[in-house]
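Here is a friendly walk through one structure, with cut-offs spelled out as they come up. Have the viewer open and follow along.

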Amino acid sequence: MENNYTLYKTMLLIRRFEERLLAEFGTGKLVGTTHTYIGQEADAAGIFSIIDPDDVIFSNHRCHGHFLAYGGEPYRLAAELMGKFTGLVGGRGGSQHIQWRNFYSNGIQGGIVPVAAGMALAEKVRKSGKIALVFLGDGTLGEGVLYESLNIAALWKLPILFVLENNHYAQTTPVEKGVSGSIAGRFAAFGIPVWERGTTDVLEVSTVATEAVRLCRSGSGPGSLILHTYRFSAHSKGDDPRLPEELARIRVFDPLELHGARLTLESREKAEIEEKAEIEVMKIVNDAFLRAEADPFPSLDSIG
Ligand SMILES: Cc1ncc(C[n+]2csc(CCOP(=O)(O)OP(=O)(O)O)c2C)c(N)n1
Ligand SMILES: [Mg+2]
């Protein structure tokens, strides 16, 4: 597991990258749309601090936070968001369709879940010891293909962890209006063990993820990890029907504040360490966007 400072820096990188992204949209430099991870940073930072680099990751439309916590390069992501040739997939995937090493994302809700199950089957057949992780939102519990994948994953004892991030909304629909019954019950119905936490504490996420990942790696079959969290930003760029009172209420769960309180390093004070992290992260974010901006767009000749 990573140390407290590294975990804090990972979450701060996601936060500042996404804030910059929202700000850049107004300048016309970015193409397509975007869904930011602001508020949910503890999930990605906690999970990616304990998985193996060789595990295979499947993400969704809200993929930037997962990608940055995976260790993906902010510059290549920024270039992709600007549609540049140097982007992760040559500027042709945009915000939701990225790939780098063992990281894949897709914007169709639930669409990537059977692909993740297939990859888990491949890893099982190869006896590689790798597992697949697939990230889902609460709104994606309405997609039928998810249940076909849960069925096969359980029957064939596939090494896959289903990570359900319940941020309480699917675009503008509150979870109570879109999801009946129990979320955990959906996985349990297929005999898939469930770990469930309502937390934005990165240490708690990494601890529970360690248990869930251990089970998946043991060969006994799939697992599920349900994390109840909060999205502070709009669903996409500006679509947010929530009242200021609700936003103020959920802000107390800010993962950066929660974990920041733990920062004391080399006898330095918390404020000093936070400032050090700010400086380091802002440099990474600035460099990423400036470098990406200067890069060329793909040309017809570059399409292989
Ligand atoms: C099959 C499908 N239907 C609709 C959409 C449009 N859409 C994109 S994100 C989203 C809401 C997803 O909610 P959730 O699964 O809770 O994830 P969150 O956005 O909260 O992270 C919708 C309806 C889509 N991408 N794919
Ligand atoms: Mg949601």
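## Ground rules

This is a predicted model, so to speak of local features a pLDDT of at least 70 is needed, side-chain atom pairs count only at pLDDT 80 or more, and totals for chains, interfaces and linings use all residues. Residues are numbered from 1 along each chain as its sequence is written, chains are lettered from A and ligands numbered from 1 in the order in which they are written, and side-chain values use heavy atoms, with hydrogens and water left out.

## Two nonpolar cores

Let's begin on the inside. A nonpolar core here is a set of buried Ala, Val, Leu, Ile, Met, Phe, Trp, Tyr and Cys residues joined through side-chain atoms within 4.5 Å. Buried stands for under 20% relative accessible area, exposed for over 50%, and partly exposed for anything in between (1.4 Å probe, protein chains only). The largest core has 59 residues, and F17 and I47 have the most contacts inside it. Helix 1 gives the most to this core, with 10 residues. Contact means heavy atoms within 4.5 Å; leaving aside neighbours within four places in sequence, I47 is in contact with L133, F135, V163, V205, A209, L225 and L227.

A second, separate core holds 25 residues, including I112, V134, L141 and L146. L146 is found in helix 6 (residues 144-155), where helices (H or I, at least four residues) and strands (E, at least two) are DSSP runs numbered from the N terminus. With 0% relative accessibility, L146 counts as buried. Beyond its neighbours within four places in sequence, L146 is in contact with V113, L136, T140 and L141. L146 and Y230 are 84 residues apart in sequence and 23 Å apart in space, C-alpha to C-alpha.

## An enclosed helix

Why is helix 4 (residues 74-81) described as largely enclosed by the rest of the structure? It is because 7 of its 8 residues are buried. The buried residues of helix 4 are P74, Y75, L77, A78, A79, E80 and L81, and they pack against helix 1, helix 3 (64-70) and helix 12. Just after helix 4, G83 takes a positive phi of about 75°.

## Salt bridges

Side chains of opposite charge can pair when their charged atoms come close. The rule used here asks for a side-chain nitrogen of Lys or Arg within 4 Å of a carboxyl oxygen of Asp or Glu, and by this rule there are 19 salt bridges. K29 takes part in a salt bridge with E24, with the closest N and O atoms 2.9 Å apart, and also in one with E293, where the closest N and O atoms are 3.6 Å apart. K29 lies in the loop between helix 1 (4-25) and helix 2 (41-48) and E293 in helix 12 (residues 270-294), so the pair ties together parts that are 264 residues apart in sequence. E24 is buried at 6% relative accessible area, while K29 is partly exposed at 28% and E293 is partly exposed at 35%.

Within helix 12, K276 and E280 form a salt bridge with the closest N and O atoms 3.0 Å apart; being 4 residues apart, they are separated by about one helical turn. Elsewhere, R15, E41, R251 and D254 are linked in a network of salt bridges. D254 lies in the loop between helix 10 (244-251) and helix 11 (255-260) and is buried, with a relative accessible area of 5%.

## A nonpolar surface patch

L121, V125, L155 and W156 form a nonpolar patch on the surface, with about 410 Å² of accessible area together. Patches are made of residues with over 30% relative accessible area and no salt bridge, joining like charges within 9 Å and nonpolar side chains (Val, Leu, Ile, Met, Phe, Trp, Tyr) within 5 Å. Accessible areas come from the Shrake-Rupley method with a 1.4 Å probe, and for residues only the protein chains shown count as cover. L155 lies in helix 6 and is exposed, with a relative accessible area of 58%.
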